[in-house]
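Visitor: Hi! I'd like to talk through the pockets in this one. Can you walk me through them?

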Amino acid sequence: MNAIETKNLTKYYGKSRGITDVSITVGQGDFVGFVGPNGSGKSTTLRTLLGLISPSSGSASVLGMDVLASRTEILGRVGYLPAETAFYNGARVRDVLEYSARLRKIDCTAAAKNLCERLQLDMNRKIGELSLGNRKKVGIVCAMQHSPELYILDEPTSGLDPLMQQEFFALLQEKNQQGATVFLSSHILSEVSRYCSRAVVIREGRVIAADTVDALGSSDVKRVTLKGADGMPRFDGISALTCDEQSLSFLYRGDSKSLIAGLSQLSFGDITITDPPLDEVFMHYYAEEGESK
């Protein structure tokens with residue numbers, strides 16, 4: 001049984017595109033990053049997986065259950081963090097966490113206390129007194145305190161400072177090592193390359209790549225930097241082009257002969273060809289898909 005499985009999942013809002021023919025498989029115990037620019041369909045996919053919105057067509061199952069027929073049971077076994085969290089301003093953090101635990105009929109007192117300590121969240125503060133980052137922490141604790149078997153997290157680190165981001169991912173890695181599955185959306189590519197074992201790339205509502213992080217990183221994309229170039233490259237396979245007075249740089253995907261033929265059209269002083277970091281490879285997927293439409 002897979003933790004998440006979708007087949008040709010499609011959602012339209014009237015005539016507006018949400019997602020189109022999204023097919024994803026997330027195995028139990030996986031740590032998967034769902035990567036895409038803002039507006040690519042990440043949140044729509046996650047909300048559909050939880051039965052919060054109904055698909056226009058296609059199918060989806062979570063923990064072996066249909067997302068529409070078994071929505072209540074799925075929500076009870078999943079830890080969900082929406083991109084934006086909202087709570088009553090007059091309630092104290094402790095009250096929100098206790099209320100969330102009561103909804104699940106679980107005593108989460110000890111787990112909530114531990115999570116708040118690690119995330120440096122004061123349980124006695126009122127929600128209205130909290131910063132954006134601390135409100136995000138409340139949502140994180142609500143999603144994690146009942147130790148679910150699957151975490152579905154939408155842009156979980158937005159609003160967190162760098163130290164809290166590290167602690168948050170340390171918590172997720174611990175849960176993953178204990179057997180939990182993690183499926184998180186992010187447009188911060190470095191997060192996915194650093195912490196996830198697999199990645200699914202989505203753009204304009206369609207999945208354009210899905211593989212292990214290592215496999216995606218070992219693609220044939222290269223970073224090419226030219227110094228003293230007398231013009232701009234005009235051949236196929238180029239994306240993420242940047243330039244200044246001294247050099248120009250771009251990502252290239254294709255065979256070496258085509259690259260050499262394209263470069264022969266330019267005059268330049270020096271050239272460097274390197275393997276780009278994974279976040280740059282992801283950017284190439286974004287650009288390549290956009291150029292193909």
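Visitor: Which element gives the largest share of the lining of the largest pocket?
Guide: That would be helix 3, which supplies four residues to the lining. Keep in mind that this is a predicted model.

Visitor: Thanks! What's the volume of that largest pocket?
Guide: The largest pocket comes to about 700 Å³. There are 23 lining residues, and those closest to the centre are Y80, F87, S100, L103 and C142.

Visitor: And which elements give two or more residues to that lining?
Guide: They are helix 2 (71-77), strand 7 (78-81), helix 3 (93-103) and helix 5 (132-144).

Visitor: How do the residues of that lining divide into nonpolar, polar and charged?
Guide: The lining of the largest pocket has 16 nonpolar residues, five polar ones and two charged ones.

Visitor: Okay, switching over. What volume does the second largest pocket have?
Guide: Its volume is about 230 Å³. Here 16 residues form the lining, with N38, G39, S43, A83 and E155 closest to the centre of this second largest pocket.

Visitor: Which elements contribute two or more residues there?
Guide: Strand 2 (16-22) and helix 1 (42-49) do, for the second largest pocket. Helix 1 gives the largest share of that lining, four residues.

Visitor: Nice. How does the lining of the second largest pocket divide by residue type?
Guide: In the second largest pocket, one lining residue is nonpolar, nine are polar and six are charged.

Methods
Residues are numbered from 1 along each chain as its sequence is written. This is a predicted model: local features need pLDDT of at least 70, side-chain atom pairs count only at pLDDT 80 or more; totals for chains, interfaces and linings use all residues. Side-chain values use heavy atoms; hydrogens and water are left out. On a 1 Å grid over the protein atoms alone, a cavity is a set of points where a 1.4 Å probe fits but cannot get out, and a pocket is an open set with protein on both sides within 12 Å along at least five of seven lines; lining residues have an atom within 4 Å of a point. Grid points are joined across faces, edges and corners, and a volume is the space filled by probe spheres set on the points. Ala, Val, Leu, Ile, Met, Phe, Trp, Tyr, Cys and Pro count as nonpolar, Asp, Glu, Lys and Arg as charged, and the others, Gly among them, as polar.
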